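Here is a friendly briefing to read with the structure open beside you. Take the topics one by one, and look for each named part as you go.

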Amino acid sequence: MIPEIGQFALTLALMTAVVQGILPIWGAARNNAVWMRSATPSAALQCILIAIAFGALMRSFVVSDFTVVNVVENSNSLKPMLFKVAGTWGSHEGSLLLWTLILAVFGAAVALLGQNIPTSLKARTLSVQAWISTGFLSFMLFTSNPFDRIFPAPLDGNDLNPLLQDVGLAMHPPLLYIGYVGFSIVFSFAVAALIEGRVDPAWARWVRPWTLAAWVALTGGIALGSWWAYYELGWGGWWFWDPVENVSFMPWLLGTALLHSAVVTEKRGAFKSWTILLAILTFSLSLLGTFIVRSGLLTSVHAFAVDPERGAYILGLLVLSIGGSLTLYAIRAPKMDPGGLFAPVSREGGLLINNLLLALATATVLFGTLYPLFLEAITGDKISVGPPFFNASFIPIMLPLVIVMGVGPFLSWKRADLPGVFDRLKWVIVITLISLLVVWYMQTKGPALAVLAMAIAVWLLLATLREWSLRIKLGQVSFSESRDRLRRVPRSSHGMTLAHAGLAVCIFGFVGSSAWKSEEVLFVEPGTQIEIAGFDVTFEGTERVQGPNYVAAVGVLRVMRNGRDVTVLRPERRTYPVAQSQTTEAAIRSTPAGDLYASITEPANEDATGKWTLRILYEPLVGLVWLGSLMLVLGGLTSLTDRRLRVGSPKRKIPVATAPIAGE
Amino acid sequence: MKRFLIFLPLCVAIVIGLAGWWGLNPDRDPNSIPSALIGQPVPAFDLPAIEGIGGLGLSTQDFGDGSGPILVNVFASWCVPCRAEHAVLTRMVREDNFALLGINYKDKPEAAAAWLTELGNPYGRIGSDETGRAGVEWGISGVPETFVVDANGIIVFRFVGPITSDAALATLRKALAQAGADKS
């Protein structure tokens, strides 16, 4: 009964979306206020209906209703409750339902919280949002219904892929989707502005909190996914340039560009057409990601069940949404006035470089990701593009960006005084050069680029801190006055400082863990000793541990340093009998200086019974990758609480910006 | 110029869309391409063993001696899908009746040795193709790639991409069964 209610709610949601897609925008064209206002209740209704459907599916998972095909295929009665709940979005159908739910939540949030947005813009935006909903709801109902029943019902389910049974990964899709799908509302705003033919600084200010919220969620989602890969896959890396990773990274890169260009549109009225284009492209890349992941177009280590029919349907949606919006852009963009003039050396100029480099980086990743497909289409050759390409092309684009990032915040709008900026940065430059020499002296092995990247990260961190201290006049005036200034500086400035410093911290982690890691892979028996990065590690054997739906062999590794006990590492190898698969649970000892990381697998070779394959790594500074990511997220959140994003809402004092992320 | 730039994103999107449409063609299996070598004897090549793991190298002489079928798997330690495929191959060797030989394509011996130590070595023989010359002879277009060679040393099947899905495994088993049946 409950699954039928879910199905029914989904069908009603589709009808609501169709109405919401027609009535408000028609009303906006005919200047009919009642029709325009209908957008608000219909967006709310649509959200409630999809939430009911989602709740129905989640209930089927929680009570293990094995008459539902989706539950049979992705759940098991023995599974811990958290993963039963997370199983709701573990499959293609369920994750699609989550996708549309988030789409509707963003629509409803704009409908209910966007009190200060002009009625016609709001009506058009919500209609465009409803077009996207219509596409995805119909896709779900026609090709991937999550509520399909099975008869007779099997006794137990097939279990969720054990790799996915992990807290980090249970949270990863919702966060990632909030990011992906959050850009949909920005897209809708952009298309609505194009239809309306008006883009002004006010438009940029309405759009900014949504962009920022989506960006924060996407950053968190990507960081969680990478953290999961780090400790769950047991390979000891956190980024593999896999197509599926790339498709989440591209919207992030372009979304970052969008955040910065929207600032120019808001403050100076410039870059209008470019901001609109970025808004369209960012969501287009999210859609492209959905398409690639769900169509089996490219070979990837993580892919959903592949079905060409589904792929064709999504491609149809892509053609309509991306093709339609870009055509509209091509027609309307030339009519936009170019906005404020500025000298090459200025805040605008700096942000222009930021945008060009980020767009170039996105294009590079896009090219590398799709190149195998193009090559196959044209010549029939099949290749896969791996880390060497991305490292060789992406890093040289990002390093100049990071250098400019240090200077950018010092530049003033319209025309900046470059010698004056360098005068304020002279000590930062000196310390950066010294740190370059120090790193070079300490690390003779490893690539020269790593030393350079390290120094550039030092530069970014110090320049960012310098800018922040100048802003609050730290050391120039009395401490209490500095504290006073600290409070008066807009939150968005603090957010920027935190995020920029976070990126610097991330770079320390990226470089340290990839350029200077030590790695040993070997067969071990009880008693085997290994020396790695100054640690003496003894393999003492394995223990068997029974988990709720798995059995694990737990390796015991005694770690000593200079004859003193440091810790005992317990990497696990879990076997899931129902799903007939195995996972690796790495044991990690984290310190600020670096992670000692161990994982074990049973050797595939039959001759080596009683032996285990031990992979042990020391990854310097790797914890900084996630610390930096956290700073990026916190920076974004701080910026979201800025008063500027709330002003212009005299009727109600609801913080527009914080609402969408409250749902996390 | 400006007009052109305005249309550029649309043009790029159209090109990507066309490629995607082509890619969805149900006849296109991302993992199969016909090979000119099907029905041909194994090409001439002679590869040394990977330094540091012992074992034997691989050359043309190892084929066509009447034993078979033989599965030739082209792999590399830098190839992520190979890692996924490795477990499947290891299990197949244990369960099915065939010889598994490997070509280690454009790989550093020490990296390959570490990879095999970590994951286990299911291969009967491995030729180390550091220069990629033998890969050219076999006409491979990437790694991983897998060939089925019958008892007479004739290549009868080629599979491009990792053998990780059930469908891929089934096609490979079918090809192996056919190659084995031809012998008797």
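In this predicted model, chain A has an average pLDDT of 85, and 91% of its residues score at least 70. Chain B averages 81, with 90% of its residues scoring at least 70. For the model as a whole, the scores are ipTM 0.75 and pTM 0.80.

- Among the elements of chain A, α3(A) has the highest mean pLDDT, at 94.
- The lowest mean among the elements of chain A, 36, belongs to helix α21 (residues 659-662) of chain A.
- Residues 647-664 of chain A have a pLDDT below 50, and this stretch makes 36 contacts in the model beyond near neighbours in sequence.
- In chain B, strand β3 (residues 70-75) has the highest confidence, with a mean of 90.
- Helix α5 (residues 166-183) is where confidence in chain B is lowest, with a mean of 77.

**Getting to know chain B**

- Chain B contains five helices and seven strands.
- The C-alpha trace of chain B spans about 65 × 40 × 30 Å along its principal axes.
- Chain B has 184 residues, and 41% of them count as buried.
- Take the contacts in chain B between residues at least 6 apart in sequence: 75% of these join residues at least 24 apart.

**Where the two chains meet**

**Two helix pairs in chain A**

- Helix α1 (residues 2-30) and helix α3 (residues 39-62) of chain A pack with their axes 8 Å apart, at an angle of about 160°.
- α1(A) and α3(A) make a left-handed crossing.
- The contact of α1(A) with α3(A) involves 19 nonpolar residues, six polar ones and one charged one.
- Now look at helix α14 (residues 387-407) and helix α17 (residues 448-471) of chain A, whose axes come within 8 Å and cross at roughly 25°.
- Because this angle is under 35 degrees, α14(A) is roughly parallel to α17(A).
- The crossing of α14(A) and α17(A) is left-handed.
- Among the residues making this contact are A:I395, A:L399 and A:V402 of α14(A), and A:I456, A:W459 and A:L460 of α17(A).
- The contact of α14(A) with α17(A) divides into twelve nonpolar, two polar and no charged residues.

- Most residues other than glycine have a negative phi.
- A:A533 is not a glycine, yet its phi is positive, at about 45°.
- Where is A:A533? You can find A:A533 in the loop between β2 (529-532) and β3 (535-546) of chain A.
- A:A533 has 19 other C-beta atoms within 10 Å, so it counts as partly exposed.
- B:K106 also has a positive phi of about 45° although it is not a glycine.
- The loop between β4 (99-105) and α3 (109-119) of chain B holds B:K106.
- B:K106 has 16 C-beta neighbours inside 10 Å and is therefore partly exposed.

**A closer look at A:A553**

- A:A553 sits in strand β4 (residues 551-561) of chain A.
- Which residues does A:A553 contact, leaving aside its neighbours within four places in sequence? They are A:T542, A:R544 and A:R573.
- The C-alpha atoms of A:A553 and A:S599 are separated by 11 Å, and these residues are 46 residues apart along the chain.
- Is A:A553 buried, exposed or partly exposed? With 19 other C-beta atoms within 10 Å, A:A553 is partly exposed, because a buried residue needs 20 or more.

Note on methods:
Residues numbered from 1 in each chain as written. Chains lettered and ligands numbered in written order. Predicted model: local features only at pLDDT ≥ 70, side-chain atom pairs only at ≥ 80, totals over all residues. pLDDT = per-residue confidence, 0-100. Helix = DSSP H or I, 4+ residues; strand = E, 2+ residues; numbered from the N terminus. Buried ≥ 20, exposed ≤ 12 C-beta atoms within 10 Å, placed from the backbone. Contact = placed C-beta atoms within 7 Å. Axes fitted to C-alpha atoms, helices over the stretch in contact; angles between N-to-C directions. Left-handed = near helix turned anticlockwise from the far one by under 90°. Nonpolar A, V, L, I, M, F, W, Y, C, P; charged D, E, K, R; others polar. Parallel < 35°, antiparallel > 145°, perpendicular 65-115°, else oblique.
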